[in-house]
Amino acid sequence: MKTKKNNRSLKGFIVAFCSMTFVPATLAAQDKVEVSLGADIVSKYVWRGFDQGSGASIQPTLGLAYKGLSLSAWGSTSITDPEPKEIDISLGYNLGGFGITVTDYWWSGESKHYGYYKDNHYFEGALSYHFGEKFPLTISAATMFAGGDKNAESDQNFSTYLHATYDLTCPAGITLTPSIGVTTRSYLYTGDKKSGITDISLKASKDIRVTDRFSIPVFAQFTVSPVMDKTYLVFGLSF
């Protein structure tokens, strides 16, 4: 989530659009098990328009995929502060442009125990649809359906997040990605109920060539959060 992030997969069960983290449904079914791994380094961790208070962070990913089914682990650890820590586990399935994902978010911090699922874990279900290469729009809806997402009366709150993003190919190998996210009756961010536009972002990404065979993807993302009256400019690179 407290997701994924800058790059991230989304909040009834209809989630993760991220993120990253949400999960765009653009993968074709594989004929064999595929393993993926990587990491992002970001100047600030902002999730769905909200500063996660961890400063510069490293965010590794490990994933398995087979015939449209995927299982992934994503984490975030602060580079400057030993306490902020997050681990998210996602199970997803993609068929054509459609994607469905269930995510277990945990971001209690380095000093907390992992196994207290009732209040320290947040379970979210998400649906997404990617319209294809000719019209590269991805829309998603995600809802917290179990765990620590409680309202002031300690009842399940069902915080919901709606998101849309579109990729634009530009000269010089740059991809521009405008996006917008909206949340409804969510207590996740400040402890107070928040509804409205949480993030309006423009992301520019490009591969920086190091050698003829090696390049480093980098990005800069400007985000406005009307709900919180905040703005962010984040830089990141991927390995």
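**Charged and aromatic contacts**

Lys 85 and Glu 110 form a salt bridge in which the closest N and O atoms are 3.6 Å apart, a salt bridge being a side-chain nitrogen of Lys or Arg within 4 Å of a carboxyl oxygen of Asp or Glu. Lys 85 belongs to strand β6 (residues 85–95) whereas Glu 110 sits in the loop between β7 and α1 (117–120), so the pair ties together parts that are 25 residues apart in sequence; here helices (H or I, at least four residues) and strands (E, at least two) are DSSP runs numbered from the N terminus. Lys 85 is partly exposed, at 27% relative accessible area, and Glu 110 is likewise partly exposed, at 44%, where buried means under 20% relative accessible area, exposed means over 50%, and partly exposed lies in between (1.4 Å probe, protein chains only).

The model is a predicted one, in which local features need pLDDT of at least 70 and side-chain atom pairs count only at pLDDT 80 or more, while totals for chains, interfaces and linings use all residues. Residues are numbered from 1 along each chain as its sequence is written, and side-chain values use heavy atoms, with hydrogens and water left out.

Across the whole structure, the search finds 4 salt bridges. One of them joins Arg 48 to Glu 124, with the closest N and O atoms 3.1 Å apart. Because Arg 48 lies in the loop between β2 and β3 (50–51) and Glu 124 in strand β8, this pair ties together parts that are 76 residues apart in sequence. Arg 48 counts as buried at 4% relative accessibility, and Glu 124 is buried too, with a relative accessible area of 0%.

Another salt bridge brings together the side chains of Asp 119 and Lys 150, at 3.6 Å from N to O. This pair links distant parts of the chain, since Asp 119 is in helix α1 and Lys 150 in the loop between β9 (137–147) and β10 (160–166), 31 residues apart. Asp 119 counts as partly exposed at 33% relative accessibility, and Lys 150 is partly exposed with a relative accessible area of 24%.

Turning to the rings, the count comes to 11 aromatic pairs, where rings of Phe, Tyr and Trp (its six-membered ring) pair if their centres lie within 6.5 Å, and planes under 30 degrees apart count as stacked, over 60 as edge-to-face and the rest as tilted. Trp 47 and Tyr 105 make an edge-to-face pair, 5.8 Å centre to centre with 65° between the planes. The pair links distant parts of the chain, with Trp 47 in strand β2 (residues 46–47) and Tyr 105 in strand β7 (residues 98–106), 58 residues apart. Trp 47 counts as buried at 1% relative accessibility, and Tyr 105 is buried at 0% relative accessible area.

Phe 98 and Tyr 129 form a tilted pair, with centres 4.5 Å apart and 50° between the planes. Here too distant parts of the chain are linked, Phe 98 being in strand β7 and Tyr 129 in strand β8 (residues 121–130), 31 residues apart. Phe 98 is exposed, with a relative accessible area of 54%, whereas Tyr 129 is partly exposed, at 26%. Both residues belong to one aromatic cluster, formed by Phe 98, Tyr 129, Phe 131, Phe 135 and Tyr 166.
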